[in-house]
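I opened this model to look up a few local features and then the overall picture. My notes follow in the order I took them.

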Amino acid sequence: MFEFNRSDLSWHEFERRLSDRPEPDKPPNANGGDSPAWSRKRVPYEPPAALLEPSVKARRISTTPYAELHCHSNFSFLDGASHPEELVEEAVRLGLDALALTDHDGMYGVVRFAEAAAAHGLPTVFGTELSLGLSAPQNGFADPEGDHLLVLARDATGYGRLCRAVSEAQLAGREKGRPVYQRSRLAELHDGHWAVLTGCRKGTVPAALAARGPAAAARELADLVGWFGRENVFVELWDHGLPLDSARNDALVALADRAGVEVVATNNVHYATQARRPLADAMAAVRARRSLDEMDGWLPPAPAAHLRNGDEQAWFFRRYPGVVERAAALGLSCAFDLRLVAPKLPPYPTDSPTQSEMAFLRQITWEGAMRRYGPPESERVPGAYKQLAYELDMIEQL
């Protein structure tokens, strides 16, 4: 019998031996963790060779400038159905001018998104779709409650402020999946560094239009203008081919005209291509804890929430000249390199001018370890100093 508390075996290996299973072949990049399958470290992004062909890179399959400003990846858990890299690759194939990543209540996918986009030279826009007015986490609901507010960072300062807004809301919610936002705090943080879109059907303006009519929607739009400034608010149109899409867009354009705010087109994207639609439906059912049959009336009737090029969008929005091109202009004005966000921290004060920060960290770590664990030759927690040395080496390498 193993004395497991004194063993160097991982739980994964311990279970394998007890189950009398043969040792599996170790796949590439496996780190031997305790997960049911081999865990892996994510390798650097490598662009598909087909997208790097000179003929592809020089090709533009759309004559209309367009940037997708409302796009969810699978970091919108159980909502988006494509990896950030997939979205980037399809945007490159379509010849988009820029692409925004706007996952729900966080910036979880931006590193992978930015890394892939940089490999292709695709301008990147960073944003998030805020969930307002949640009373509880929304898993288990076919149609989750709450209003949505789509926010794009105009620059690195706006990115930092948006991250702060989301972090404060997640902490205020006190439970996972229920951020609590205060509009006054959002208005205070934005300070001209955000572009605010009225969003999808759950945005405050479209939702009010559908439920209470144009007058209520006008009041909601006026509230957004009051909170964020007329020049920072944009009425968003989308068209998934549903019977009421054109009527809704007509009403939104009229509201924008009366309020004096600009209008942009998006496609409220939840997957890169139409082929991802079945996965999106399955994830919606899992999120709602219902079967696909039970979800039938709640799911969109067509696979329309995919990336489109500018010409396709121009055809869908031919009744509203300029809204597609304005989306491109707004996207390019908000695009920046994520590396600009990295803080330029001042040197940390050490005990002497010749001592490096890493040497100082090691010094104070050992001092703290002596107090907590005793001297290395008689440590109170076996293996403590070995683990500390490993962690400090990793910090220095990274």
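**Entry 1: the end of helix 3.** I started at Gly-95, which follows helix 3 and has a positive phi, near 80°. Before going on I noted the ground rules. This is a predicted model, so I take local features only at pLDDT of at least 70 and side-chain atom pairs only at pLDDT 80 or more, while totals for chains, interfaces and linings use all residues. Residues are numbered from 1 along each chain as its sequence is written, and side-chain values use heavy atoms, with hydrogens and water left out. Helices (H or I, at least four residues) and strands (E, at least two) are DSSP runs, numbered from the N terminus.

Which residues of helix 3 are buried? I call a residue buried under 20% relative accessible area, exposed over 50%, and partly exposed in between (1.4 Å probe, protein chains only). In helix 3, residues 84–94, the buried ones are Pro-84, Glu-85, Leu-87, Val-88, Glu-90, Ala-91 and Leu-94. They pack against strand 2 (98–101) and helix 4 (110–120). I keep in mind that an α-helix has 3.6 residues a turn, so residues three or four places apart point the same way.

**Entry 2: Leu-307.** Leu-307 is buried, at a relative accessible area of 2%. What does Leu-307 touch, leaving out residues up to four places away in sequence? I count a contact when heavy atoms are within 4.5 Å. The list for Leu-307 is Glu-68, Leu-87, Glu-90, Ala-91, Leu-94, Leu-96, Leu-99, Val-269, Tyr-271 and Ala-272. Leu-87 is 220 residues from Leu-307 along the chain, and their C-alpha atoms are separated by 7.8 Å.

Entry 3: I noted two residues here. Asp-105 is not a glycine, yet its phi is positive, about 55°. Asp-105 is in the loop between strand 2 and helix 4. Arg-289 is not a glycine either, and its positive phi is about 60°. I found Arg-289 in the loop between helix 10 (277–288) and helix 11. Buried or exposed? Asp-105 is buried, with a relative accessible area of 8%. Arg-289 is exposed, at 64%.

**Entry 4: helix 5 and helix 6.** Two packed helices are described by the angle between their axes and the distance between the axes. I use lines fitted to C-alpha atoms, for helices over the stretch in contact, with angles from 0 to 180 degrees between N-to-C directions. The axes of helix 5 (residues 156–173) and helix 6 (residues 183–190) come within 9 Å and cross at roughly 160°. Helix 5 is therefore roughly antiparallel to helix 6. The classes are roughly parallel under 35 degrees, roughly antiparallel over 145, roughly perpendicular from 65 to 115, and oblique for the rest.

Which residues of helix 5 and helix 6 make the contact? Helix 5 gives Arg-161, Arg-164, Ala-165 and Glu-168, and helix 6 gives Arg-185, Leu-186, Glu-188, Leu-189 and His-190. By class, these are three nonpolar, one polar and five charged. Nonpolar here is Ala, Val, Leu, Ile, Met, Phe, Trp, Tyr, Cys and Pro; charged is Asp, Glu, Lys and Arg; the others, Gly among them, are polar.

**Entry 5: helix 8 and helix 9.** Helix 8 (residues 214–228) and helix 9 (residues 245–259) have axes that come within 10 Å and cross at roughly 50°. The two are therefore oblique to each other. Pro-214, Ala-217, Ala-218 and Leu-221 of helix 8 meet Leu-255, Ala-256 and Ala-259 of helix 9. This contact has seven nonpolar, no polar and no charged residues.

**Entry 6: cysteines.** How many disulfides are there? I took a disulfide as a pair of cysteine sulfur atoms within 2.5 Å. The count is zero. For Cys-71, the closest cysteine sulfur is that of Cys-200, 13 Å away and too far for a bond. Cys-163 is in no disulfide either; its nearest cysteine sulfur, in Cys-334, is 15 Å away. Cys-71 is buried, at 0% relative accessibility. Cys-163 is partly exposed, at 23%.

**Entry 7: the whole protein.** The protein has 15 helices and seven strands. Its C-alpha trace spans about 80 × 55 × 50 Å along the principal axes. Of the 398 residues, 44% are buried. Among contacts between residues at least 6 apart in sequence, 70% join residues at least 24 apart.
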